[in-house]
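Here are my notes on this model for a colleague who has not seen it before. Please read them with the structure open.

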Amino acid sequence: MKLYKNGYLSEDAMIQLFCEKCQRFLADRYVEGTCPKCNYEDARGDQCDSCGQLLNATELVNPRCKLEGSTPIMRESKHMFLDLDTLQKTVEDWVIKTSVEGKWSTNSKTITNSWLKEGLKPRCITRDLKWGTPVPLEEMKEKVFYVWFDAPIGYLSITANYTPHWEKWWKNPDDVKLYQFMGKDNVPFHTVIFPSSLFGTGEDWTLLYHINTTEYLNYENTKFSKSRNIGVFGTDAKDTGINVSVWRYYLIASRPETNDSVFTWKEFIAKNNNELLANLGNFVNRVIKFSASKYNSIVPEFSYDKIEEKEFIENIDSLLKNYIETLENVKLRAGLEIAMEISRLGNGYLQESKLDNSLFQNNIEKCSTVIGIAINLIYLLSALFFPYMPSTTESICRQLNAPLRDIPDTWTIDILPGHKLGKAEYLFKKIDDKKEEEYLNRYGGGDGKVAETKKKAKKGKNVNTVTNNKSSKIVNG
């Protein structure tokens with residue numbers, strides 16, 4: 001209504017697709033056709049999944065109604081438009097400044113600048129639908145808002161429903177920095193359209209500071225498709241019974257930050273078995289079980305002032321510094337890789353120290369030092385993995401009998417001699433390699449086509465593919 005009162009909305013007629021069989025104007029999701037930009041045959045009414053181009057349904061070549069399969073006709077209807085053209089200079093100045101200060105991801109800047117270079121045009125923000133947020137104007141009472149005009153306003157309204165102090169976040173640009181994460185297809189809604197809506201109100205809103213967008217994640221040899229039941233989705237992931245941390249780890253490790261990436265069950269299983277289980281899981285389990293067996297789960301007296309321990313701590317501190325810098329720059333995948341490298345160093349430390357029964361019997365002082373250092377490294381790892389796998393962190397802290405800790409600027413020894421540890425738990429369990437084929441059949445479109453294509457590929461046949469804070473010391477429990 002503030003946009004309306006400030007003169008940034010205008011009414012105009014719009015040609016839309018109307019299905020004579022359904023006797024309704026077709027929502028974007030009910031229209032498919034050939035993309036006029038790349039000739040992809042299954043482009044949606046609002047966007048092409050192949051080239052990422054935003055579309056109007058009337059631009060599609062050979063459009064078809066997804067409900068009836070018939071060819072819709074063109075029909076005129078009056079709608080409300082957001083006058084982006086009158087706000088272009090304001091948005092441009094803001095983008096030039098903020099994209100640099102906020103270190104926007106490359107694809108975010110590219111997509112946004114292409115919109116601005118082409119020149120902003122009035123954009124329709126209403127639809128002839130029954131479902132949605134009603135337009136609060138008498139002449140538009142039978143219409144609802146277009147979802148991508150309405151949805152970002154939901155960021156504000158959901159906060160307002162959560163707390164009466166919502167303006168501390170959304171009307172406090174001097175003290176709040178807004179970070180947003182999304183797929184690249186949603187960029188212009190957050191860098192052009194929604195900021196324009198906020199500017200048009202004339203009020204001092206908290207605007208986007210950093211936007212972090214990804215390329216596409218594909219599935220095996222094709223694309224994810226909810227409608228075609230190809231791919232694994234949220235409820236599917238839960239139904240597999242696989243630890244949620246494994247999903248989080250794999251999806252971040254495969255995050256398409258600069259290029260499209262591919263979800264494959266083979267790699268998923270390998271990441272679990274060869275990285276999570278063999279690296280992090282092995283390190284934590286080996287130390288906790290050894291402590292229970294040899295020290296009755298009591299942290300022994302230990303020192304860490306010898307040259308080899310000092311060098312080890314320095315190496316960890318160097319990686320910790322890189323980890324913090326990486327996350328400050330929102331490089332999520334690289335941050336996870338550094339956390340795993342620190343865990344690998346922990347395993348290497350155990351190997352080089354030859355932690356075993358012989359070391360305990362023949363050099364108890366050295367053995368106790370290794371255990372004391374390793375337990376504190378596990379505690380550090382619990383903090384580093386928390387942004388990625390919180391339930392794994394909670395398990396580690398239970399095993400250490402320690403509270404959640406902050407990510408420190410430098411590694412400190414916080415679990416001291418005399419502290420009683422908790423019971424050992426398995427962080428991860430092995431996934432049988434044979435599960436790959438089962439999952440391919442279950443999540444390949446219901447007809448096993450994805451699995452069959454994988455089999456042919458293995459046989460060498462030709463297949464078509466679509467391509468800062470300190471934490472408290474813990475002693476004596």
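1. Aromatic pairs. The structure, a predicted model, holds 26 aromatic pairs. Rings of Phe, Tyr and Trp (its six-membered ring) pair if their centres lie within 6.5 Å; planes under 30 degrees apart count as stacked, over 60 as edge-to-face, and the rest as tilted. Take tyrosine 250 and phenylalanine 263: their ring centres are 5.2 Å apart and their planes stand at 90 degrees, so this pair is edge-to-face. Tyrosine 250 belongs to helix α8 (residues 244–253) and phenylalanine 263 to strand β13 (residues 261–263), 13 residues apart. Both tyrosine 250 and phenylalanine 263 are buried. Buried means under 20% relative accessible area, exposed over 50%, and partly exposed in between (1.4 Å probe, protein chains only).

2. A stacked pair. Phenylalanine 312 and tyrosine 349 have ring centres 4.5 Å apart and planes at 15 degrees, so they count as stacked. Phenylalanine 312 sits in helix α10 (residues 307–328) and tyrosine 349 in helix α11 (residues 332–353), so the pair ties together parts 37 residues apart in sequence. Both phenylalanine 312 and tyrosine 349 are buried. Helices (H or I, at least four residues) and strands (E, at least two) are DSSP runs, numbered from the N terminus.

3. The cluster. One aromatic cluster includes Tyr219, Trp247, Tyr250, Phe263, Trp265 and Tyr443.

4. Charges over rings. Arginine 75 lies over the face of phenylalanine 18, at 3.8 Å from the ring centre.

5. In what order do the four strands of the open sheet run? The order is β2-β1-β6-β7, with antiparallel pairing. The edge strands, β2 (24–25) and β7 (123–124), each pair on one side only. Strands β1 (residues 9–19) and β6 (residues 73–82) run antiparallel and are joined by 10 bridges. Within that pairing, isoleucine 15 has glutamate 76 in β6 as its bridge partner. Two strands pair if DSSP finds at least two bridges between them.

6. Helix α9 and its end. Helix α9 (residues 265–295) has a kink of about 40 degrees, centred on asparagine 282. The bend is the angle between axes fitted to the seven residues ending at a residue and the seven starting there. Just after α9, asparagine 296 takes a positive phi of about 55 degrees, although it is not a glycine. Asparagine 296 is in the loop between α9 and α10 and is exposed, with a relative accessible area of 56%.

7. Another asparagine. Asparagine 62 also has a positive phi of about 55 degrees without being a glycine. Asparagine 62 lies in strand β5 (residues 61–65). It is exposed, at 59% relative accessible area.

8. Domains. The assignment gives domain 1 (1–14 + 83–214), domain 2 (218–274 + 431–453) and domain 3 (278–420). Such bounds come from an automatic or database assignment. The C-alpha centres of domain 1 and domain 3 lie 45 Å apart.

9. Basis. Residues are numbered from 1 along each chain as its sequence is written, and side-chain values use heavy atoms, with hydrogens and water left out. In this predicted model, local features need pLDDT of at least 70 and side-chain atom pairs count only at pLDDT 80 or more, while totals for chains, interfaces and linings use all residues.

Methods:
A charge sits over a ring if NZ of Lys or CZ of Arg is within 6 Å of the ring centre and within 35 degrees of the ring normal.
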